[in-house]
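Please read them with the structure open beside you.

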Amino acid sequence: MSRVVYLDNNATTRVADEVAAVMLPFYTELYGNPSSMHAFGGQVARHIAQARDQVAAILGADPTEILFVSCGSESDNMAIRGVLEANPDKRHVISTRVEHPAVLSLCNHLRKRGYEVTLLGVDGEGRLDLAELRNALRPDTAVVSVMYANNETGVVFPVEEIGQIVKAHGAAFHVDAVQAVGKLPLDLSQSTIDLLSLSGHKLHAPKGVGVLYIRKGIRLVPLIIGGHQERNRRGGTENVASIVGLGRACELARAALREENDRVRRLRDKLEDGILHSVPNVRVNGNREHRLPNTTSISFEYIEGEAILLLLDQLGICASSGSACTSGSLEPSHVLRAMGVPFTASHGSIRFSLSRYNTEAEIDYVLEHLPPLIERLRNISPFWKDYQEQLAKRS
Amino acid sequence: MWEYTDKVKDHFFNPRNVGDLPGADAVGEVGSIACGDALRIYLKVDDQKRIVDVRFKTFGCGSAIAAASALTEMVKGKTLDEAMQITNQQIADFLGGLPPEKMHCSVMGREALEAAVANYYGLERKHLEEEDEGRIICHCFGVTEGLIRKVVRENNLNSIEEVTNYCKAGGGCQSCHMDIEEIIHEVRQERVETPAKQPAREQRKLTNVERILKIKEILEEEIRPSLQQDGGDIELVDVEGSKVLVAMRGTCASCPSSELTIRWAVEAKLREFVAADLQVVEVKS
């Protein structure tokens with residue numbers, strides 16, 4: 001394949017070379033089972049312990065609070081279902097309308113199982129109304145699950161403020177931080193968060209590994225019942241290579257946090273400002289102040305997102321869209337709908353998400369090629385002409 | 001990622017006949033920005049009712065643009081009657097197939113063509129829908145019972161999922177799934193019963209536009225000339241479901257036996273050539 005400009009890092013990221021390098025030995029000579037009694041297997045356990053320390057360090061947590069799982073979705077599921085099963089008398093769950101499907105679909109499932117679920121709305125910039133949360137909390141609320149940062153818009157929720165409200169009501173507080181870890185500084189030792197989910201492949205570790213942070217003292221019923229691994233909280237032989245890789249990735253992310261915040265943010269802003277200046281009738285979705293440094297969701301009015309992606313793809317530019325057609329569903333992104341983004345804009349929304357591997361030259365390349373491509377699609381769109389005729393009439 | 005054929009990609013990356021058509025004889029438009037796709041098609045038609053030029057504009061995904069482009073290539077040079085014979089499946093076939101979830105793009109092409117032909121004859125949009133035109137089944141995407149029935153019938157659909165793929169109905173809040181299921185069931189019954197009752201000559205049920213065009217044609221060619229010989233005339237006012245509303249003109253307007261003319265000449269002919277359930281009603285203007 002020729003040139004690839006990868007701007008879809010909220011979907012998945014490239015495995016860092018340093019990460020791949022530390023993983024390889026566990027596929028070759030270090031294949032022992034960490035639970036084995038012999039030294040050959042036992043040595044592997046030490047590497048898992050090291051990875052646990054590395055993950056704990058980026059979260060500001062104690063290593064005993066780190067549980068390795070298979071992915072972000074498992075982590076979310078275990079947190080919410082684990083709390084519910086451990087508190088059978090509490091039948092109420094609170095979450096938001098803009099969660100990742102890993103939480104949202106689970107909420108729908110729980111509803112069918114007789115639980116009551118309250119989904120909090122967001123305003124036009126994707127922000128929660130904390131008064132709505134206060135009103136929603138009940139004595140039988142078992143868990144409140146809120147994402148740290150939104151995967152589509154990058155909007156960051158005021159997690160600590162939320163946590164204080166939740167803790168005052170005695171519910172468990174779960175945070176899906178899949179998009180936040182490695183992009184925002186975290187310190188769970190000074191936090192109200194009880195449970196936190198992260199996913200390896202969003203921070204340059206491989207797919208197939210995730211973490212659930214469980215604050216000491218929080219009771220959870222395991223999701224996977226099996227062996228004694230993970231101190232009896234998750235059965236199943238450890239995915240050693242990936243766990244080791246995730247540990248290394250967390251270490252790298254911790255070191256690169258500043259770069260992510262400065263250089264990546266600068267590139268993102270350059271891309272965003274460049275598009276806003278060169279293309280008419282575009283809008284940024286979500287609050288621009290409280291936002292991940294790497295994400296921008298931009299709507300191109302009067303055209304459709306899949307068509308934009310196909311033309312970008314032809315140029316080797318990878319992005320994603322909240323349009324209906326890209327998902328296989330027929331409605332545009334639930335996040336943009338919850339925000340009340342009008343149809344003229346939601347169908348034409350494109351998400352660019354950067355990483356530390358992106359370069360300024362790549363951003364220049366996108367800024368050079370995107371405007372004519374948008375114009376080309378608008379010339380095909382009947383609504384663009386209608387809009388311009390309306391404009392002409394008005395002036 | 002969708003698996004698009006090379007032909008789809010070609011028609012998306014290099015769409016044929018894009019743009020406006022000043023002085024177009026007909027415009028057809030379907031879809032809306034809310035639904036996520038829309039198609040506007042312009043036709044230039046000569047006195048032989050042949051489509052001599054065609055343009056389109058699409059708001060939509062890759063396959064919506066490709067399907068519209070394909071349609072324009074398919075209708076160019078055809079008479080309106082010939083063009084109306086094109087099915088959504090033929091549009092999809094022209095492109096080497098569409099992903100199942102994208103079949104509604106081909107249906108949109110077919111609908112826009114119908115709208116344009118209707119527009120050419122000065123008919124309104126409401127004539128596009130079948131008998132149960134008014135009833136909207138899927139409120140999320142504004143899909144009528146008539147359209148659902150049609151895609152189920154023409155494409156042999158058997159599940160809600162397929163119906164959603166073909167016309168979007170049921171793809172939103174899902175509250176209409178029971179209704180869709182019922183329609184599928186009814187059409188399936190039709191399929192079982194049809195072979196026994198129906199003679200082979202009628203391959204598929206006429207669409208409303210086709211039916212109206214046929215009625216017009218029969219009136220023009222079979223009925224008006226004989227009435228005109230006696231200084232009378234007849235005019236088609238409207239078609240509402242199976243009701244054909246006509247107005248009598250000239251000597252016919254005051255003729256005491258016009259009722260008989262309508263019953264025995266007009267209605268009988270229309271029933272013979274168009275559909276057995278037609279009923280002709282005279283409106284006084």
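1. For the residue classes used throughout, Ala, Val, Leu, Ile, Met, Phe, Trp, Tyr, Cys and Pro count as nonpolar, Asp, Glu, Lys and Arg as charged, and the others, Gly among them, as polar. This is a predicted model, in which local features need pLDDT of at least 70 and side-chain atom pairs count only at pLDDT 80 or more, while totals for chains, interfaces and linings use all residues. Residues are numbered from 1 along each chain as its sequence is written, chains are lettered from A and ligands numbered from 1 in the order in which they are written, and side-chain values use heavy atoms, with hydrogens and water left out.

2. Chain A is divided into domain 1 (5–11 + 257–394) and domain 2 (17–253), with bounds that come from an automatic or database domain assignment. The centres of these two domains, taken over C-alpha atoms, are separated by 30 Å, and 26 residues of domain 1 of chain A are in contact (heavy atoms within 4.5 Å) with 31 residues of domain 2 of chain A.

3. The largest cavity has a volume of about 90 Å³; a cavity here is a set of points, on a 1 Å grid over the protein atoms alone, where a 1.4 Å probe fits but cannot get out, and lining residues have an atom within 4 Å of a point. Grid points are joined across faces, edges and corners, and the volume is the space filled by probe spheres set on the points. Its lining has 15 residues, of which A:Lys183, A:Lys202, A:Leu203, A:His204 and A:Glu260 lie nearest the centre. By class, the lining of the largest cavity comprises five nonpolar, six polar and four charged residues, and at least three residues come from each of domain 1 and domain 2 of chain A.

4. Chain B is divided into domain 1 (6–124), domain 2 (129–197) and domain 3 (208–282). Between the centres of domain 1 and domain 3 of chain B, taken over C-alpha atoms, there are 32 Å, and nine residues of domain 1 of chain B are in contact with six residues of domain 3 of chain B.

5. In chain B, helix H5 (residues 103–120) and helix H7 (residues 160–167) pack at an angle of about 50°, with their axes 5 Å apart; helices are DSSP runs (H or I, at least four residues), numbered from the N terminus, and axes are lines fitted to C-alpha atoms over the stretch in contact, with angles from 0 to 180 degrees between N-to-C directions. The contact joins B:Met103, B:His104 and B:Val107 of H5(B) to B:Asn165, B:Tyr166 and B:Cys167 of H7(B), and four of its residues are nonpolar, two polar and none charged.

Notes: 1 Å grid on protein atoms, 1.4 Å probe; cavity = no way out; pocket = protein on both sides within 12 Å on 5 of 7 lines; lining within 4 Å. Helix = DSSP H or I, 4+ residues; strand = E, 2+ residues; numbered from the N terminus.
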